[in-house]
Amino acid sequence: MTIPVGIDLGTSYSCVAAVIDGQAQVLADDEGRRVQPSVVAFGYDGAPVVGWRAQRQLMYAPESTVNSPKRLMGRRFRSAEVKRLSLNVGYELTESASGEVLIRVRDHEYTVPQISGFVLDHMRNIAEKALGQKVSQAVITVPAYFNDHQRQATREAAKAAGIDCLRIINEPTAAALAYGVGQGLKQNVAVYDLGGGTFDISVMRLEDDVYEVQGTAGDTFLGGDDYDAAVARHFLKGFQRRSKVNVRDNRVTWLRLLEAAEQAKIALGEENEVEINVPGVARSAEGRDVVLSARIDRLTYAQVVMPLVQRTFQVCDESLKLAGLSTSQIDNVLLVGGMARLFLVQEAVEHYFQRPVSLDHNPNEVVALGAAIQAHSLGGVHEPGPDGAPAPSGPLLLDVTPRSLGIGTVGGYVETIIPRNSSIPSEQTKYFHPAFDKQTEVRITVYQGESRKVDQNELLGEFVLDGLRPAPRHEVRVEITFEIDADGIVHVIAKDPDSGSKRDMRIELDRR
Amino acid sequence: MDPMIKTRVEIETLHELLEELDYYKILLLERDVPQADVDPAFRTVSRKLHPDRLARIDDEDLKSKANDIFRLANEAYRNLKDPDIRARYDMGLAEGNLRLSADGRSKADKEAAAKNNPELAATTPQGEKYFKMALKCWGDGDFRGSVMQMRFAMQFEPGNAVFVEWLSKAEEALESAAAKKDQNPYKLRIV
């Protein structure tokens, strides 16, 4: 039997790990690098190159290099998010016949899962080399706040790479697994996960080997990229105030500014003040190239990004409320994700939770390690326990639905059937009346999201229940039951208890 | 021999009994169990019966049964871990209702939520609209407007307890404001 691996498919970087001899370990590439940029570059022959080599191509050939594909996962081309993103990337986005995003590189069109599939395949190759054997199964992590379309896209990416995805789990949950495994802890832990693209917070109860998610919230547009964009805008504003020339309004200029902002962010971890220089942002009246140079110190940087940090705490408030806990009841805070160690983030988090954060793990690796642990307990080979049974070993995750599930009702409102943060597997039933007298069929539309309005939620599927008794509307009852399994399959059953008419639908809803 | 035989028998047996189990029985608890013992009992059941514990067994039927069982266990835990909801359940259980209906549960949830956030109290869009306007008037100190908007809201949701409460609150405020005005000794207006 092959060893199942855990893959942290990150916005900026990806990492792969496996449990070897009972220990979760990061699998490094032949040069000993433990993480890989989630970047896919296409050469003249159209062959994809992934990771560090692709990263190097990003600066001089942005139009044929795809970075941060995760931000596009499961999104519609016409969504506001994609519009915003298209300004920040060097490659071209187009719309497919079904409204999905396509990435156009070197006259080829790729779906987003295909691009992410290249990254997964690259991680699998690294794992195979490190383990010296074939790898076919993996647990893959996603941000806790990913919706169902985004989770499905992640599964498609695994499929494109020929990987059997054992389970999709949430990044903060995975981090908590890696943190707590084998320690026999009894704690409330908050996982503050600030990555390249997204922010997640999960509050978990650890009781020895049982990990119960108590509250999860997040924002899929609140990561390091957004910090860089804020600082790049700051540079641009300052420059335009000082000089008369118009900055070139093109992608390459903007990408260079973003890169400068990222370098400033990294450098400020060590120094108090840094200088950035971005050549060729404009052409002066004399026809010379203008260099944008600026100095930024820690205080100014903090002022520029503070609104973004504050927004993460609003999300923290939300998750604590869902968990029914206050900051003083949190026993430990884990910082996860590349951005979490930024000088001002750590300080602000300690201030918010009123306690020092735990620093004894690597924020870039802990998610992959947790995924490996879960992969091991779902698919690994286990030593027989004392009674001869393969010991149901490894930690047990009691997870929740991160978003509410409901059905559309009259007037464009959603009635929640399974509220967010419900433990799964779960089952809930509600009763409805048809909207009109003598109505013999109803359309059941299934939505995911928190808004009360239909059009602000994700439509997951729909079906028709017919054979209703033609009678005054208040005499007819429709029974709607939602069932969710541990592996995230939702089963929606609509029933007319009087006529016995019954219809159902299965939706593969990926669990965290 | 099937190494999982014990677990298998336990799941088959529980699944057959599922319709007859109340929330205490599925978690192997006595009805008078101290509140503090509910959490550990749920974890004990989870360790044994959670569907993920069967992930490596190639038996879809058994897994589906484990999911059925654990759905009930989750429901039991969700309702017993909150003392208020547990008390409501106990009353129903005395009358032979093994499960708290979704409506009973959501009523308890809604009441709890409405206490913290009055905006959640409305159940119709129109009721919500007028209720929000009433709250805005209240915030502006316009008690007369608040009473008026509350009455509009009540036309759409006559039985809403939160609305009734707010209406009487607004009416009181309006009366006491009117009373204060009457007590005003300076009954002169600048011409």
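The exercises below work through contacts, a sheet and a helix pair in a predicted model.

Residues are numbered from 1 along each chain as its sequence is written, and chains are lettered from A and ligands numbered from 1 in the order in which they are written. Local features need pLDDT of at least 70, side-chain atom pairs count only at pLDDT 80 or more, and totals for chains, interfaces and linings use all residues.

**Exercise 1. Describe the side of chain A that touches chain B.**

Step 1. Count residues. Chain A gives 24 and chain B gives 19. Contact means C-beta atoms, placed from the backbone, within 7 Å.

Step 2. Find the elements. Helix 10 (366–379), strand 19 (396–398) and strand 22 (426–432) of chain A each give two or more residues. Helices (H or I, at least four residues) and strands (E, at least two) are DSSP runs, numbered from the N terminus. Strand 22 of chain A has the largest share, five residues.

Step 3. Sort by class. This side of chain A has twelve nonpolar, seven polar and five charged residues. Ala, Val, Leu, Ile, Met, Phe, Trp, Tyr, Cys and Pro count as nonpolar; Asp, Glu, Lys and Arg as charged; the others, Gly among them, as polar.

**Exercise 2. Work out the strand order of the open sheet in chain A, and its edges.**

Step 1. Write the order. The five strands run 18-13-14-15-19, with mixed pairing. Strands pair if DSSP finds at least two bridges between them.

Step 2. Locate the edges. Strand 18 (332–336) and strand 19 of chain A each have a single partner strand, so one side of each lacks a neighbour in the sheet.

Step 3. Check one pairing. Strands 15 and 19 of chain A run parallel, joined by three bridges. Y211(A) has L397(A) as its bridge partner in strand 19 of chain A.

Step 4. Angles run from 0 to 180 degrees between N-to-C directions, and axes are lines fitted to C-alpha atoms, for helices over the stretch in contact.

**Exercise 3. Classify the packing of helices 3 and 4 of chain B.**

Step 1. Take the geometry. The axes of helix 3 (residues 38–49) and helix 4 (residues 60–80) of chain B come within 11 Å and cross at roughly 170°.

Step 2. Classify. The two helices of chain B are therefore roughly antiparallel. The cut-offs are under 35 degrees for roughly parallel, over 145 for roughly antiparallel, 65 to 115 for roughly perpendicular, and oblique for the rest.

Step 3. Inspect the contact. Helix 3 of chain B contributes V38(B), F42(B), V45(B) and L49(B). Residues from helix 4 of chain B include F70(B) and Y77(B). The contact has ten nonpolar, no polar and no charged residues.

Note on methods:
Contact = placed C-beta atoms within 7 Å.
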